[in-house]
Number of protein chains: 2
Amino acid sequence: MSHQAEADRVLRSLNRTCLDHDPDVLRSVLDRVGDKWSLILIGLLDMGPMRFTGLLRTAPGISRRMLTLTLRNLERDGLVKRVIYPEVPPRVEYEVTPFGRTLSEPVLALARWTADHQDTLRANRRAFDQAAGLDADDLG
Amino acid sequence: MSHQAEADRVLRSLNRTCLDHDPDVLRSVLDRVGDKWSLILIGLLDMGPMRFTGLLRTAPGISRRMLTLTLRNLERDGLVKRVIYPEVPPRVEYEVTPFGRTLSEPVLALARWTADHQDTLRANRRAFDQAAGLDADDLG
DNA sequence: CAGTATCCAACTAGATACTG
DNA sequence: CAGTATCTAGTTGGATACTG
C-alpha cells in the first residue's frame with residue numbers, strides 16, 4: 001500500500017473519528033496553533049529559552065497583552081514551561097517542554113508544505129483574483 | 001542523524017526562512033487551515049464531491065454565508081474546484097483538487113497529533129485550571 | 001522586569017431576507 | 001438550488017496606563 005493511499009485511509013478514518021466524534025479537540029488545537037502568535041512563539045522558543053521582554057522585542061509586532069495571553073494558553077496546554085527565578089529585578093524564562101517539541105514535527109510538516117508550495121499558492125491566488133477582476137469589469 | 005534531530009534542524013531553518021523572511025505565506029495558510037470551517041470542508045470533500053446544500057446539511061452548524069466564503073477561499077487557493085453543471089435547477093459540485101490533496105498529509109499529521117495527545121492536553125488543561133482556581137481561592 | 005487592567009477598533013461569524 | 005446582501009453580536013487584538 002502506497003504512502004499516499006495509507007495517508008488517505010488514515011485521514012478518512014480521522015475524518016470520521018475527529019469530525020463526527022469529537023471535533024472540539026482538533027478545533028482547540030487548531031485554535032492554539034492557528035492563532036496569530038502561538039506558532040511564532042513556539043518557533044522562537046524552539047531555538048532556546050527566552051524571557052518576556054526578549055520575546056516582546058523579537059516577535060515582530062506583538063503587544064504585551066497578546067504575548068501574555070498566548071504564553072498562558074501555551075503553558076495551559078503544557079507546550080511551554082514558565083520558570084520563575086526569585087531575584088530582584090524579577091526574571092522569568094519561557095521554554096518549550098518535551099511535550100511541546102512533539103508538536104514541532106506536525107507543525108514542521110505544515111511549514112514545509114507552505115514553503116514548498118508558496119509559489120503555487122501565490123500563482124493560484126493571483127490567477128483567481130485576476131479572473132474575478134475581469135469578470136467584474138466585464139472584459140474579455 | 002536521528003529523525004528528531006533532523007526535524008529540529010529543518011524547523012530551525014524554517015524558523016529563519018519562514019519567520020524572518022516571509023511570515024505572511026505561512027500565516028495565510030494557517031489562517032486558511034486554521035479558520036473555523038476550512039478543515040472540516042476539506043475533510044468532507046475528501047470523501048468525495050459534494051454540492052452546496054449537501055455541505056450545508058453535513059457540516060455541523062455552518063451558515064450559508066460562511067460556507068460560501070470558505071469555499072471561495074479554498075477555491076482561490078486552488079485547493080478546491082468548483083464545477084458548474086448548466087442545468088435547471090442549477091447544480092454545482094465541489095471537489096478537492098490534486099493540489100488540495102497534497103495538503104491532506106500535513107493536516108493529517110496535525111490531526112494525528114491531536115488524536116494521539118488529546119488525553120494529555122485535556123489533563124494539562126484540567127491541571128492548569130485547577131491550580132489557577134486554587135490560587136484564586138487561596139486554598140492550599 | 002514582568003506583567004495586569006481598561007478601553008477601543010477591526011474583524012469574524014450567524015441570522016435572515018432576497019435573487020437568478 | 002445556489003448563492004448574495006445586509007445587519008448585528010461576539011470575539012480578537014492593539015495601545016496604553018498602571019502595579020508588585
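Among the atoms of DNA strand C that lie within 4 Å of the protein, 64% are part of sugar or phosphate, the remainder belonging to bases. The model is a predicted one, in which local features require pLDDT of at least 70 and side-chain atom pairs count only at pLDDT 80 or more, whereas totals for chains, interfaces and linings use all residues. Residues are numbered from 1 along each chain as its sequence is written, chains are lettered from A and ligands numbered from 1 in the order in which they are written, and side-chain values use heavy atoms, with hydrogens and water left out.

DNA strand C is surrounded by 19 residues (a residue is near a strand if one of its heavy atoms lies within 4 Å of it), and the closest are A:Thr53, A:Thr68, A:Arg82, A:Tyr94 and B:Arg65. By class, the surface near DNA strand C comprises eight nonpolar, three polar and eight charged residues (Ala, Val, Leu, Ile, Met, Phe, Trp, Tyr, Cys and Pro count as nonpolar, Asp, Glu, Lys and Arg as charged, and the others, Gly among them, as polar).

## Individual atom pairs

H5(A) gives the most, with four residues.

## The sheet of chain A

In chain A, three strands form an open antiparallel sheet in the order E1-E3-E2, where two strands pair if DSSP finds at least two bridges between them. Strand E1 (50-51) and strand E2 (80-85) stand at the edges with a single partner strand each, so one side of each has no neighbour in the sheet. E1(A) and E3(A) pair over two bridges, and A:Met50 stands opposite A:Tyr94 in E3(A).

## A buried aspartate

B:Asp77 is located in the loop between H5 and strand E2 (80-85) of chain B. With 2% relative accessibility, B:Asp77 counts as buried (under 20% relative accessible area, with a 1.4 Å probe and protein chains only). Beyond its neighbours within four places in sequence, B:Asp77 is in contact (heavy atoms within 4.5 Å) with A:Leu121, A:Asn124, A:Arg125, B:Arg32 and B:Phe99.

Note on methods. Buried means under 20% relative accessible area, exposed over 50%, partly exposed in between (1.4 Å probe, protein chains only).
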